[in-house]
Amino acid sequence: MEDSIFQLFIVGILWGSSNPFLKAATNKVKRNKIFNIISEVIDHLTNWHYLIPFLINQSGSLLFYFTLKYSDISLAVPIANGVSFVCTSIVGTLIGEEKPKLRTIVGILFLLFGIFCLIIDKKI
């Protein structure tokens, strides 16, 4: 059980730390109205600023998929998504996105407390 909880935290960190970089990379894509979808796919596949965070994000998805075999789904989803949200907020702030407001910080603290309560509840 402890191994799967640790792996779910790693999943959340991989997802959350790559999200701000994916957002930054997609904002830099040149838009071509004629071949919009094709040009965006080509731009993403040839842009290492997008490709590396995408691969990190997808490795988190693979780890999540394999972790589901050993963990309870009612525990896996809140932990992975909650940690992802927290990491997205922290990494986004570190790379220059808007700093979180007080309400967001309070929400993050409640989220972490909720994850803690879930883990304690499953261990008892």
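The model is predicted: local features need pLDDT of at least 70, side-chain atom pairs count only at pLDDT 80 or more, and totals for chains, interfaces and linings use all residues. Residues are numbered from 1 along each chain as its sequence is written, and side-chain values use heavy atoms, without hydrogens or water.

**Helix α4**
- Helix α4 spans residues 73-94, 22 residues in total. Helices are DSSP runs of H or I with at least four residues, and strands are runs of E with at least two, numbered from the N terminus.
- From first C-alpha to last, α4 reaches 31 Å, close to the expected 32 Å; the expected span is 1.5 Å times one less than the number of residues.
- Buried residues of α4 include Leu75, Ile79, Val83, Val86 and Val91. Buried means under 20% relative accessible area, exposed over 50%, and partly exposed in between (1.4 Å probe, protein chains only).
- These buried residues of α4 pack against α1 (2-27), α3 (48-67) and α5 (102-123), with contact meaning heavy atoms within 4.5 Å.

**Annotated spans**
- An unreviewed UniProt entry lists residues 75-96 and 102-120 as "transmembrane region". Positions follow the numbering used here, feature names are shortened, and annotations may be inferred rather than shown by experiment.
- Residues 75-96 are 91% helix and 0% strand, with end C-alpha atoms 32 Å apart.
- Residues 102-120 are 100% helix and 0% strand, with end C-alpha atoms 27 Å apart.

**Cysteines**
- A disulfide is a pair of cysteine sulfur atoms within 2.5 Å; the count is zero.
- Cys87 is in no disulfide, and its nearest cysteine sulfur, that of Cys117, is 19 Å away.
- Cys87 is buried at 14% relative accessible area, whereas Cys117 is partly exposed at 36%.
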